[in-house]
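Please keep the structure in view while reading.

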Amino acid sequence: MKIEKAADLGFCFGVKRALATLEEVARQKGGVETLGALVHNQQVMARLNGLGVKVVKDISEITGDTVVISSHGVGPKVLEAIRERGIGIVDTTCPFVQRAQKAAHRLAEAGFFTLIYGDVNHPEVKGILGWAEGRGLATLASEDLENVELSRHLGLLSQTTQVPARFIEFAKAATEKALVKDAELRIVDTVCHDIRLRQAATLSLAARADLMLVIGGHHSANTRHLVELCSPLTATYLVETADEIDPAWLEGRDLIGVTAGASTAPETIEAVVRRLEELGSIGEYQTAAYRSQ
Ligand code: SF4
């Protein structure tokens with residue numbers, strides 16, 4: 001049994017940057033609060049908890065003099081409300097997310113309505129909608145467009161972690177609906193560069209592998225997308241930790257592909273690879289013992 005890791009996997013640029021900043025602040029201050037979880041990964045959050053990092057869900061719950069904004073970012077009204085309470089802000093919003101926020105803000109200032117291809121319940125999308133100044137809508141279903149009156153001045157963006165090909169399909173559906181007399185459409189490609197690389201590397205490995213293991217949080221959007229991309233190509237399982245691997249999955253498989261979401265820590269990936277190696281050698285031993293009988 002051969003184990004191969006995708007060429008790009010695990011912590012992305014934005015998560016590494018946010019973690020480095022948060023850890024430094026937590027060490028300096030002996031602990032700090034973050035508004036929302038920094039990443040959607042239990043193992044990473046448990047480690048941060050050990051450094052005194054506490055997650056608050058709402059501004060009203062902040063007890064310290066400083067709060068850390070996660071890599072997903074927030075809308076301008078949230079920043080304003082924090083400042084009004086005299087609380088200092090350490091902003092770790094990823095530059096790729098900031099790019100989407102600025103695009104929404106520019107569109108709003110130019111009188112455009114912003115349509116976001118994304119999950120309306122995800123903190124990043126809520127933040128981008130905030131920058132659209134109340135003139136925006138987010139959805140992942142192009143059928144939803146049937147029920148809305150689209151503005152003749154329409155801007156289109158994507159949540160940074162969406163699958164590019166699906167954003168293109170969504171943009172085609174929106175274009176068909178929006179292009180009426182005198183309409184003006186502005187499409188901004190806000191899919192994150194790191195996510196593109198990870199999805200491409202995962203697809204190329206899944207095309208050759210007999211089994212793909214995707215490592216990441218069950219609530220992580222970009223991890224779930226990796227599962228969705230691999231599933232039509234080969235047998236695919238999502239695991240959060242090495243303990244979740246079922247040895248029966250490996251039976252009769254020659255090449256096991258391993259990939260991981262952008263918020264999965266390197267130590268979690270290495271633990272999964274070590275467990276696969278152990279199970280692989282047990283499998284070889286059992287096969288050899290069976291042959292010698
Ligand atoms: S996935 Fe992309 S946009 Fe999101 S934090 Fe990572 S680098 Fe930034």
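## The sheet containing β4 and β5

In this predicted model, strand β4 (residues 66–69) runs parallel to β5, and four bridges join the two.

## Strand β2 and its partner β3

How many bridges are there between β2 and β3? There are four, and the two strands pair in the parallel sense. T34 has V55 in β3 as its bridge partner.

In a regular strand, side chains alternate between the two faces of the sheet. Strand β2 (residues 32–35) can be read in this way: V32 and T34 point one way, while E33 and L35 point the other way. All of these residues are buried.

## The sheet containing β6 to β9

A further open sheet of four strands has the order β7-β6-β8-β9, again with parallel pairing. The edge positions belong to β7 (136–139) and β9 (184–187); each has a single partner strand, so one side of each is left without a neighbour in the sheet. Here the twist averages 20° from one strand to the next.

Within this sheet, strand β6 (residues 113–117) and strand β8 (residues 153–158) run parallel and are joined by five bridges. In this pair, I116 stands opposite L157 in β8.

## Helices on the sheet

Which strands does helix α6 touch? Helix α6 (residues 164–178) packs on the sheet and touches β6, β7, β8 and β9. The direction of α6 makes about 170° with that of β8.

Helix α4 (residues 95–109) lies across β6, β8 and β9. Relative to β8, α4 runs at about 175°.

## Strand β12 and its two partners

Strand β12 (residues 255–260) is mostly covered, with six of its six residues buried. The cover extends to both faces of β12. On one side are L255, G257 and T259, on the other I256, V258 and A260, and all are buried.

Strand β1 (residues 2–5) runs parallel to β12 and is joined to it by four bridges. In this pairing, I3 stands opposite I256 in β12. Strand β10 (residues 211–215) also pairs with β12 in the parallel sense, over five bridges. The bridge partner of L213 in β12 is V258.

## Helices α1 and α2

Two packed helices are described by the angle between their axes and the distance between the axes. For helix α1 (residues 13–29) and helix α2 (residues 42–50), the angle is about 20° and the axes are 10 Å apart. Angles under 35 degrees count as roughly parallel, so α1 is roughly parallel to α2.

The crossing of α1 and α2 is right-handed. At the contact, L19, L22 and E23 of α1 meet V44, R47 and L48 of α2. The contact residues divide into four nonpolar, no polar and two charged.

## Helices α7 and α8

Helix α7 (residues 193–206) packs with helix α8 (residues 221–230) at an angle of about 30°, and their axes are 10 Å apart. This angle makes α7 roughly parallel to α8. The two helices cross in a right-handed sense. From α7, the residues I195, R198, Q199, T202, L203 and A206 make the contact, and from α8 the residues N222, H225, L226, L229 and C230. By type, the contact residues of α7 and α8 are six nonpolar, four polar and one charged.

Another residue of helix α7 is D194. Is D194 buried or exposed? D194 counts as buried, because its relative accessibility is 13% and buried means under 20%. Apart from its neighbours within four places in sequence, D194 is in contact with C12 and F13.

Technical notes. Residues numbered from 1 in each chain as written. Predicted model: local features only at pLDDT ≥ 70, side-chain atom pairs only at ≥ 80, totals over all residues. Heavy atoms only, no water. Axes fitted to C-alpha atoms, helices over the stretch in contact; angles between N-to-C directions. Parallel < 35°, antiparallel > 145°, perpendicular 65-115°, else oblique. Left-handed = near helix turned anticlockwise from the far one by under 90°. Contact = heavy atoms within 4.5 Å. Nonpolar A, V, L, I, M, F, W, Y, C, P; charged D, E, K, R; others polar. Pairing = 2+ DSSP bridges. Buried < 20%, exposed > 50% of the residue type's maximum accessible area, 1.4 Å probe, protein only.
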